[in-house]
Amino acid sequence: MLRSVILAASRNGRVKRVVAGAPISRSVVKRFVAGETVDDAVRASTGLVDDGRTVTLDYLGEDTLDAGQADATVKAYLVLLQRLSDAGLSIGGRAEVSVKLSAVGQAIDPKLALDNARRICAGARSAGTTVTLDMEDHTTTDGTLATLGELRQDFPDTGAVLQAYLRRTEGDCRDLAHAGSRVRLCKGAYDEPESVAYQSTREVDRSYVRCLKVLMAGDGYPMVASHDPRMVKIAGELAKDRAAGTYEYQMLYGIRPDEQRRLAAAGETVRVYVPYGDEWYGYFMRRLAERPANVAFFLRALATTS
Ligand code: FDA
């Protein structure tokens, strides 16, 4: 219930103005977002890479209906990729980027989003790294997978994201568990109807494990994106038969950093998803929705400063 309310608020312009405008929001947001500028993003990435982790960077923004804004997002990614390259971070994929198609024009025209995503993929290739397409709400799944297929013709290392809460996902995992296919498996962060998505934690977790089994048994490159200790443990067991370097763990910036370090120290590849930019509202609200304790943390911070 609380989750649905917060997720509805994440797409409400009026709530956005109140939350994004509250002075305290920025200090709480810092826990989940690396900063507002490309300098902040490069600094956070350097620290994580020096500490033995890898990163995927997300220039925050989503749901744009403005072609100029979509173009500005592409340009921001190209600047970022150049900076990562200059800092020696992108080579070998230690730093890659994650892109939301809705930020580069998917709702305006899928062809525009494809062309824009191509520009980012070309920038990533020049920097010696890759792009992963984030997955958004279920109305965009088919379109995003179609765009992924087009992109992979020219940029076969483009990564996909699949969400275990969707009923369709086990089938999508089978389709994408082939050689050369990088697939990030997450539980899913949007408010989805029962017709398309499992609703209970138990059902979502079971689906996650089924999907993991498909990906780990396949020839692709599974990216295990979860902070859930059970999912991490099961992934480790399923990966026992896989060669080192044929899968990785992924976690979000600021969430379970000790576990990220523990896995990296054990020799695992751990990639941290590092969001940055001033359009943090939607991302931040999804992080609040995932964990009631985060809401309490936010409200406490509000109360102690008012
Ligand atoms: P779960 O929510 O069950 O949490 C397990 C434990 O992790 C919690 O008990 C808590 O300890 C910790 N935890 C989880 N979330 C937390 C939070 N917000 N704050 C503090 N602690 C928290 N989703 C999507 O729909 N499309 C996408 O493209 C992506 N991309 C993506 C990339 C990466 C690298 C990750 C890790 C996740 C995503 N997600 C995503 C988000 C994902 O779908 C999901 O909402 C969150 O990862 C939370 O699910 P968990 O698997 O962590 O388990």
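In which loop does T130 lie? In this predicted model, T130 is found in the loop that runs between α6 (110–126) and β3 (131–133). T130 counts as buried because its relative accessibility is 16%, and the limit for a buried residue is under 20%. Leaving out residues up to four places away in sequence, T130 touches E96, V97, A124, D157 and R182. With two of these residues there are polar contacts between side chains: one of 2.8 Å with E96 and one of 3.3 Å with R182.

E96 and R182 are also joined to each other. The two form a salt bridge in which the closest N and O atoms are 3.0 Å apart. R182 belongs to strand β5 (residues 182–186) and E96 to strand β2 (residues 95–99), so that the pair links distant parts of the chain, 86 residues apart. R182 and E96 are both buried.

A search of the whole structure gives 30 salt bridges. One of them pairs K187 with D205, with the closest N and O atoms 3.0 Å apart. K187 is partly exposed because its relative accessible area is 24%, whereas D205, at 10%, is buried. The side chain of D205 also meets that of R230 in a salt bridge (4.0 Å, N to O). Because D205 lies in helix α9 and R230 in helix α10 (residues 229–238), this pair ties together parts that are 25 residues apart in sequence. Elsewhere, a network of salt bridges links D51, R53, D258 and R261.

The nonpolar residues were examined next. The largest nonpolar core holds 66 residues, and those with the most contacts inside it are L57, V97, I120 and L185. Helix α9 (residues 201–217) gives the most to this core, with 7 residues. Neighbours within four places in sequence aside, I120 is in contact with V74, Y77, L78, L81, V97, V99, V104 and V131. Another core lies apart from the largest one; its 21 residues include V28, W280, M285 and L288.

The domain assignment divides the protein chain into domain 1 (1–33 + 287–306) and domain 2 (34–279). The centres of the two domains, taken over C-alpha atoms, are separated by 24 Å. At the interface, 12 residues of domain 1 are in contact with 19 residues of domain 2. About 1100 Å² is buried between the domains, and carbon and sulfur atoms give 42% of this area. R11, F32 and V33 supply 46% of the area that domain 1 buries against domain 2, more than any other three residues. The rule finds 3 salt bridges across the interface of domain 1 and domain 2, and it finds 6 residue pairs in polar contact there. On the side of domain 1 that touches domain 2, α1 (2–9) and α12 (281–290) each supply at least two residues. The most comes from α1, with 3 residues.

E36 lies in the loop between α3 (23–29) and α4 (38–50). E36 counts as partly exposed because its relative accessibility is 36%. Not counting residues up to four places away in sequence, E36 touches R26, Y276, G277, D278 and W280. The C-alpha atoms of E36 and A117 are separated by 22 Å, and the two residues are 81 residues apart along the chain.

Conventions:
Residues numbered from 1 in each chain as written. Predicted model: local features only at pLDDT ≥ 70, side-chain atom pairs only at ≥ 80, totals over all residues. Heavy atoms only, no water. Core = buried A, V, L, I, M, F, W, Y, C linked by side-chain atoms within 4.5 Å. Buried < 20%, exposed > 50% of the residue type's maximum accessible area, 1.4 Å probe, protein only. Helix = DSSP H or I, 4+ residues; strand = E, 2+ residues; numbered from the N terminus. Contact = heavy atoms within 4.5 Å. Domains from an automatic or database assignment. Buried area = accessible area lost by both parts, 1.4 Å probe. Polar contact = N/O pair within 3.5 Å; in protein donor to acceptor, adjacent residues only side chain to side chain.
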